[in-house]
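The sequence and the structure come first, and the description follows.

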Amino acid sequence: MAFLSDAINRIKPSPTVAMTGRVAELRAEGRDIIGLSAGEPDFDTPEHIRDAAKNAIDAGHTRYTAVDGIAPLKQAICDKFARENGLDYSRDQVSVGTGGKQILFNALLATLNPGDEVIIPAPYWVSYPDIVGLAGGVPVIVPSTAEDGFRISAAALRAAITPKTKWLILNSPSNPSGAAYDADQMRALTDVLLDYPQVWVLSDDIYEHLVFDGFTFVTPAQIEPRLRDRTLTMNGVSKAYAMTGWRIGYGAGPKALIAAMAKLQSQSTSNPCTISQYAALAALEGPQDYIAASREAFQRRRDLVVAGLNECPGVSCPMPQGAFYVYPSIEGLIGKVSAAGTTISDDEAFANALLDETGVAIVFGAAFGLSPHFRVSYAASDDTLSEAIRRIRTFCQGCQEP
Ligand SMILES: Cc1ncc(COP(=O)(O)O)c(C=O)c1O
């Protein structure tokens, strides 16, 4: 009898977390490493949010809470959805979890039976297929292309739907491509879904506030109210308020789904960290100026990184609408040999050679289901990004035909 379960054998460690670990190891060895692999803002959590957490501790908010969130936080989430997304939810339609990741995890584990299919556009956030697999579902990957702006078409979505399809996971703006769907592009997808009443939508809106050049963010339940009773709209404070370590995410959807997710959470983590819930309350109810300031900084960095990468021979970098990632192609480098003699056979070989030869850590595209690309997280200072671009350019210039 095997000791490890089939479920655990269906998943792999998160490649992005693994790269972050490798960066830490190399730094500990004294190497000069520029880490552009982590998916988190480099800013500090705003002061009024940190103060709210300290006050919560002093006020004795240090015990278990209701399983899926304290009432004032749920109310602040309802207010956020009404204010920013034109969506009306009541508190019993809201679930708070330990990060958006737990919300996804709860929703999929609470609904998937063996063989149920989940449509995931590629490139995708690394955790989607693994969470689906762990829950016994089957990820159905729908590839997109750089030419189509890394967005899937209505026709591709329709072609992927089968009688076994239970969910479509949409992530706009996207990790890793930064691509976002505007209202018309979103409507093209929601129109298709109206024809398939058994398909639910899980909209991962975690990068909602990081959109550039005046782009207007939209979410499926807002675009098509008839999908409201089969949509889980997921969001969180990690990326919007530089709160990745506080571990608070939330979702809103039909009561029966929210209740099933709470049942699961009651038997796993009990409740999200009490102190973090009070911090998230301050984030949602307090001043929102951090959001605009970080958006401005990220837009400037995006422009710097896209321009710099497009000057690297063999690299082609599209301009994304949001998030803090770019997802360039290295098609022009495949088959070449680096200055230190490594053959760039695929994007994983590129990522390894880049790290070994220049000390720049990025994540290879195969981890996100679309090659030959790599993901750069530009959540780093302008100086760090400029130095990284300089090293990447030198590396690419050194790549020659064999
Ligand atoms: C697309 C996407 N969804 C969800 C998450 C989860 O965020 P958290 O669990 O910190 O809320 C991340 C984090 O990297 C992400 O990139």
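In this predicted model, 13 residues surround the ligand, and the closest of them are Gly100, Asp204, Ser238, Lys239 and Arg247.

| Residue | Atom of the residue | Atom of the ligand | Distance |
|---|---|---|---|
| Gly100 | polar backbone atom | oxygen | 2.6 Å |
| Ser238 | polar side-chain atom | oxygen | 2.7 Å |
| Lys239 | N or O atom in the side chain | oxygen | 2.6 Å |

**Open space**

The largest pocket has a volume of about 520 Å³, and its lining is made up of 28 residues, with Gly39, Lys101, Trp125, Lys239 and Thr244 lying nearest its centre. The elements that contribute two or more residues to this lining are helix 2 (15-28), helix 5 (100-111) and helix 6 (127-134). Lys239 is therefore a name to follow in both descriptions, since this residue is one of the closest to the ligand and also one of those nearest the centre of the largest pocket.

Which domains supply the lining of the largest pocket? At least three residues come from each of domain 1 (6-44 + 290-397) and domain 2 (63-286). Sorted by class, the lining of this pocket holds 10 nonpolar, 12 polar and six charged residues.

Rolling a probe the size of a water molecule over the atoms shows where empty space is left. A search of the whole structure finds two cavities of 30 Å³ or more. The largest cavity holds about 130 Å³ of space, and among the 15 residues that line it, Pro121, Pro123, Asn171, Ser174 and Tyr181 are the closest to its centre. Strand 3 (117-122) and strand 5 are the elements that give two or more residues to this lining, and strand 5 provides the largest share, with three residues. What is the make-up of the lining of the largest cavity by class? It divides into 11 nonpolar residues, four polar residues and no charged residues.

The second largest cavity holds about 40 Å³ of space, and its lining consists of Lys80, Glu84, Glu208, His209, Asn235, Gly236, Ala240, Tyr241, Tyr250 and Leu284. Helix 4 (71-85) and strand 7 (231-236) are the elements that give two or more residues to the lining of this second cavity. By class, the lining of the second largest cavity has four nonpolar, three polar and three charged residues, whereas the lining of the largest cavity has no charged residues.

**Features of the backbone**

Where do the cis peptide bonds described here place their prolines? The bond from Ser172 to Pro173 is cis, with omega near -10 degrees, and Pro173 lies in the loop between strand 5 (165-171) and helix 8 (183-194). A cis peptide bond also joins Asn175 and Pro176, with omega about 25 degrees, and Pro176 likewise lies in the loop between strand 5 and helix 8.

A further backbone feature concerns Asp213, whose phi is near 55 degrees, a positive value in a residue other than glycine. Asp213 has its place in the loop between strand 6 (200-204) and helix 9 (220-223).

Note on methods: Residues are numbered from 1 along each chain as its sequence is written. This is a predicted model: local features need pLDDT of at least 70, side-chain atom pairs count only at pLDDT 80 or more; totals for chains, interfaces and linings use all residues. Side-chain values use heavy atoms; hydrogens and water are left out. On a 1 Å grid over the protein atoms alone, a cavity is a set of points where a 1.4 Å probe fits but cannot get out, and a pocket is an open set with protein on both sides within 12 Å along at least five of seven lines; lining residues have an atom within 4 Å of a point. Grid points are joined across faces, edges and corners, and a volume is the space filled by probe spheres set on the points. Helices (H or I, at least four residues) and strands (E, at least two) are DSSP runs, numbered from the N terminus. Ala, Val, Leu, Ile, Met, Phe, Trp, Tyr, Cys and Pro count as nonpolar, Asp, Glu, Lys and Arg as charged, and the others, Gly among them, as polar. Domain bounds come from an automatic or database domain assignment. A residue is near a molecule or strand if one of its heavy atoms lies within 4 Å of it. A polar contact is a pair of N or O atoms within 3.5 Å; within protein, one must be able to donate a hydrogen and the other to accept it, and residues adjacent in sequence count only if both atoms are side-chain atoms.
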